[in-house]
Amino acid sequence: MSMPVTGRQPAGLERSAACSCGQLQLVVRGAPVRISVCHCLACQRRTGSVFGVQARFPADGITIKGQSKAYRRSADSGNQITGHFCPECGSTVYLTLDIEPDLIGVPVGAFADPDFPAPPASIYEQHRHHWISLPEDIEHWQ
């Protein structure tokens with residue numbers, strides 16, 4: 001399930017993401033290859049919110065600084081995901097997926113950037129909270 005990112009992204013663009021306390025940081029170069037809103041129950045538990053929003057980037061364009069702890073789990077799809085979080089403040093800063101070893105997922109909120117591109121897809125909508133509404137012109141996956 002690969003959804004292209006819409007909108008123009010400068011090729012040399014760099015973005016920084018960090019945990020709440022700033023101890024764990026990463027820099028991504030280039031545009032994300034995928035951005036999605038995920039309503040799966042695991043993302044709801046991981047974020048403490050009603051959905052997660054993550055962007056995936058080529059791993060070879062990412063620099064990571066700081067210490068992290070890892071938590072490995074099965075996604076609703078059955079795929080294995082490892083969340084890397086700050087051992088000080090607990091914020092998840094990046095995710096690795098066994099099924100896509102060349103990509104790293106970054107929770108969009110870790111960028112703290114209101115100008116970050118909007119997600120073109122919403123997935124696992126069977127777990128979407130009934131009061132959440134998203135634009136009709138994006139892809140919607142049950």
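**Fold and aromatic pairs of the predicted model**

The protein comprises 1 helix and 11 strands, both taken as DSSP runs numbered from the N terminus (helices H or I, at least four residues; strands E, at least two). From the N terminus on, the order of elements is β-β-β-α-β-β-β-β-β-β-β-β. The radius of gyration is 14 Å, close to the 14 Å that the globule rule gives for 142 residues, so the protein is as compact as a globular protein of that length. This radius is taken over C-alpha atoms, and the rule is 2.2 Å times the number of residues to the power 0.38.

The model is predicted: local features need pLDDT of at least 70 and side-chain atom pairs count only at pLDDT 80 or more, whereas totals for chains, interfaces and linings use all residues. Residues are numbered from 1 along each chain as its sequence is written, and side-chain values use heavy atoms, with hydrogens and water left out.

Of the 142 residues in the protein, 41% are buried (under 20% relative accessible area, with a 1.4 Å probe and protein chains only). Among contacts (heavy atoms within 4.5 Å) between residues at least 6 apart in sequence, 57% join residues at least 24 apart.

The structure holds 2 aromatic pairs. The ring centres of F111 and F116 are 5.0 Å apart and the ring planes lie at 20 degrees, so this pair is stacked. Rings of Phe, Tyr and Trp (its six-membered ring) pair if their centres lie within 6.5 Å, and planes under 30 degrees apart count as stacked, over 60 as edge-to-face and the rest as tilted. F111 and F116 are both buried, and together with F57 they form one aromatic cluster.

Note on methods:
Buried < 20%, exposed > 50% of the residue type's maximum accessible area, 1.4 Å probe, protein only.
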